[in-house]
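Hi,

Here is the structure I said I would pass on.

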Amino acid sequence: MKVILLHPYGSNWLGGMKDISTVFNLMPPLGMMSIAAVLERAGIDVEIIDCYATPRPLAELVDEIIRRRPDCLGISTTTSSFNEGYRIAASVKEKAPHIFTLFGGAHACTIGAPLLDSFPAIDCLVIGEGENTMLELAQAGFKGIGQIPGVAYRGADGKGWQSSAQSKNARD
Ligand code: B12
């Protein structure tokens, strides 16, 4: 089982103001590092791609992700970086539909399950803290995800549904 966690290169896509995203966001992606530590401790192969540390064109990035042969690509986005994150997920799905795509972070938590109705290249969202939920998902081989608390998943009707809420958080 191999998981890639990705921090997309966001930008102020609304325009109209000086774009300070790059200066502002040059920090290690703490949320994903915390998830990676938990997965690693459980023996799951995990890599982080931080697009602020290694910016590159979309096609090159997508090829690099596929070359690393992950079972799951987990993308962390706020609202500002969601469009860029989705572009990456959609390109990966187009070339490698077997890779399970999952989103977490502020935007997934704010919109929740309805996000899946409009963005077909996303297989699942993690709602809330990612550490335990990602571990449970990976240990389940990203199957039967509707049974795992803290996720939004696409039901048989093609619509977004939410599982039960997380009961235990990593930082409790
Ligand atoms: C610190 C912080 C920052 C730091 C980031 C530090 C870092 N190294 O990660 C900096 C200053 C860089 C930053 C930048 C921005 N931020 Co900020 N930030 C925060 C703040 C205060 C705390 C986030 C944090 O570090 N939490 C602790 C870490 C350990 O947890 P986490 O990152 O939340 O990750 C956990 C879960 O979200 C989830 N998760 C996250 N990613 C993923 C991915 C996957 C695959 C999975 C499964 C789960 C998962 O699991 C993680 C572990 O439990 C939050 C407010 C808050 N209380 O959450 C705002 C907040 C996230 N930021 C916000 C905003 C608006 C921004 C900026 C857009 C500001 C700007 N104008 O540029 C940028 C965007 C950054 C980006 N890349 O998109 C908003 C987002 C709102 C939204 N709907 O998008 C928030 C919610 C504040 C608010 N209430 O408005 N931010």
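Strand β6 and strand β7 (residues 160-162) run antiparallel, joined by 3 bridges. If you want a pair to click on, Arg 154 has Gly 160 in β7 as its bridge partner. The hairpin these two strands make has 5 residues between them, and Gly 158 there takes a positive phi near 85 degrees. Do keep in mind that this is a predicted model.

Now the ligand. Which residues come nearest? Out of 31 residues around the ligand, they are Gly 31, Gly 74, Ser 76, Gly 104 and Gly 130. The elements that each supply at least two residues to the shell include α1 (21-25), β3 (72-76), β4 (100-104) and α7 (131-139). The biggest giver is α2, with 5 residues. By class, the shell has 16 polar residues, 13 nonpolar ones and 2 charged ones.

Next, helix α4 (79-95), which is also among the elements supplying at least two shell residues. Its 17 residues should span 24 Å at 1.5 Å a residue, and the end C-alpha atoms are 25 Å apart, so the length agrees. Which of its residues are buried? Ser 81, Phe 82, Gly 85, Tyr 86, Ile 88, Ala 89 and Val 92 are. An α-helix has 3.6 residues a turn, so residues three or four places apart point the same way. That is handy when you look at the buried positions of α4, such as Ser 81, Gly 85, Ala 89 and Val 92. The buried residues of α4 pack against β1 (2-7), α3 (58-67), β3, β4 and α5.

Finally, the overall picture. The protein has 7 helices and 7 strands, in the order β-α-α-β-α-β-α-β-α-α-β-α-β-β along the sequence. A compact globule of 172 residues would have a radius of gyration near 16 Å, and the 15 Å of this protein agrees with that. The C-alpha trace spans about 45 × 35 × 35 Å along its principal axes. Buried residues make up 38% of the 172. Among contacts with a separation of 6 or more, 65% are between residues 24 or more positions apart.

Cheers

Note on methods:
Residues are numbered from 1 along each chain as its sequence is written. This is a predicted model: local features need pLDDT of at least 70, side-chain atom pairs count only at pLDDT 80 or more; totals for chains, interfaces and linings use all residues. Helices (H or I, at least four residues) and strands (E, at least two) are DSSP runs, numbered from the N terminus. The radius of gyration is taken over C-alpha atoms; the globule rule is 2.2 Å times the number of residues to the power 0.38. A residue is buried if 20 or more other C-beta atoms lie within 10 Å of its own, exposed if 12 or fewer, and partly exposed in between; C-beta atoms are placed from the backbone. Two residues are in contact if their C-beta atoms, placed from the backbone, lie within 7 Å. Two strands pair if DSSP finds at least two bridges between them. A residue is near a molecule or strand if its C-beta atom, placed from the backbone, lies within 6 Å of it. Ala, Val, Leu, Ile, Met, Phe, Trp, Tyr, Cys and Pro count as nonpolar, Asp, Glu, Lys and Arg as charged, and the others, Gly among them, as polar. The expected span of a helix is 1.5 Å times one less than its number of residues.
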